[in-house]
Amino acid sequence: MAITKGNKIVLVGTGAVGSSYAYALMNQGISDELILVDLNEEKAKGDVLDLNHSIVYAPSPMEIKFGSYEDCKDAALVVICAGAAQKPGETRLDLVHKNVGIFESIVGNIMKSGFNGIFLVATNPVDILAYATWKFSGLPKERVIGSGTVLDTARFRYLLGEEMNAAPTSVHGYIIGEHGDSQLPVWSSATIAGTPIAPRLTDEKKQEMAENVRDAAYKIIEAKGATYYGIATGLARITRAILKNENVVLPVGTLLEGENGHDDVYIGVPAIINREGVRQVVELSLNDEEKEKFARSVETLKDIQAAIWS
């Protein structure tokens, strides 16, 4: 059966990340129809009302409603932001067993509706939960996408822009690997106007920047309880790439099948995104140190997978 067309989106989970994503969608005019689904019906209905009061000032009309899993049957995209939240002092991987159980129920209910679109997963630990969504849904791997390192890369490019005194859109560099503590910056391919950035920085500065990217979530969570604006905007960017068939490269979570020497793991890597989902993984030319760090990140996630799906 052909993939569901149109641009109807169902958002599952209207906590801080989900509601921020809905707000970003409306402000950017990405979709014509958005359905909010949440166990906390009162909160979700409040978000619907609040968002609808903003449409008069939005760039384009948008139908926003409260709904149920049944609404997924003709959705082009289902975005999952539901699940247990990360608590202060807790790593993303601490959440895994709790959220895999939640996802088995959510994905099962979505697939019962007859859903035949694309999944976009944001809940942490996102790499494991994207893998779980792929397993539970039975959909082709290109149609199950994790947010991957889209936020980590945004943080990296922001810091590179500050360091180079240039707009972050004009510097190019990727964080790859786990959306978590084993992630790594690919210094060997970080550039500004095609010029390598790494030779301009000391080893100490590169280490400091990598740590600031890696630990950003912990600092934000300590300060205000959760991170949501950055990831919500990253999700909106992935959504636009899908629905507008952009064929743009974004660092998302996708299943490796031999790329960079690894397989059977969802992990953050640059990939070409279009209306069919992930069209192709872009294999970066990693140096030996980066290959070693990426392999360790893969093993970190595979150890968790083995504990769940052994």
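**Pockets, a cavity and salt bridges**

About 550 Å³ of space lies in the second largest pocket, where a pocket is an open set of points on a 1 Å grid over the protein atoms alone, with protein on both sides within 12 Å along at least five of seven lines. A volume here is the space filled by probe spheres set on the grid points, which are joined across faces, edges and corners. The lining of this pocket consists of 23 residues, and those closest to its centre are Val150, Ala154, Arg157, Arg237 and Leu250; lining residues have an atom within 4 Å of a point.

The structure is a predicted model, in which local features need pLDDT of at least 70 and side-chain atom pairs count only at pLDDT 80 or more, while totals for chains, interfaces and linings use all residues. Residues are numbered from 1 along each chain as its sequence is written, and side-chain values use heavy atoms, with hydrogens and water left out.

Helix 5, helix 8 (229-243) and strand 12 (248-257) each give at least two residues to the lining of the second largest pocket. Helix 5 provides the largest share, with 7 residues. Helices (H or I, at least four residues) and strands (E, at least two) are DSSP runs, numbered from the N terminus. By class, this lining holds 11 nonpolar, 8 polar and 4 charged residues; Ala, Val, Leu, Ile, Met, Phe, Trp, Tyr, Cys and Pro count as nonpolar, Asp, Glu, Lys and Arg as charged, and the others, Gly among them, as polar.

The largest pocket has a volume of about 790 Å³. It is lined by 40 residues, of which Cys81, Ala82, Gly83, Ala84 and Thr123 are the closest to its centre. At least two lining residues come from each of helix 1 (16-28), helix 3 (96-112), helix 5 (150-164) and helix 7 (216-224), and the largest share, 4 residues, belongs to helix 3. The lining of the largest pocket divides into 20 nonpolar, 16 polar and 4 charged residues.

A cavity is a set of grid points where a 1.4 Å probe fits but cannot get out, and the whole structure contains 1 cavity of 30 Å³ or more. The volume of the largest cavity is about 40 Å³. Around the largest cavity stand Ile176, Asn260, Val269, Pro270, Val282, Leu284 and Leu286, a lining with 6 nonpolar, 1 polar and no charged residues.

Attention now turns to charged side chains. Side chains of opposite charge can pair when their charged atoms come close. With a salt bridge taken as a side-chain nitrogen of Lys or Arg within 4 Å of a carboxyl oxygen of Asp or Glu, the count comes to 16 salt bridges. One of them joins lysine 65 to glutamate 33, at 4.0 Å from N to O. This pair connects distant parts of the chain, as lysine 65 lies in strand 3 (residues 63-66) and glutamate 33 in strand 2 (residues 33-37), 32 residues apart. Lysine 65 also forms a salt bridge with glutamate 63, at 3.5 Å from N to O.

Buried means under 20% relative accessible area, exposed over 50%, and partly exposed in between (1.4 Å probe, protein chains only). Lysine 65, at 34% relative accessibility, is partly exposed, and glutamate 63, at 40%, is partly exposed.

Another salt bridge brings together lysine 206 and aspartate 203, at 3.6 Å from N to O. Lysine 206 and aspartate 203 are about one helical turn apart, because they sit 3 residues from each other in helix 6 (residues 203-214). Lysine 206 is buried, with a relative accessible area of 17%, whereas aspartate 203 is exposed at 58% relative accessibility.
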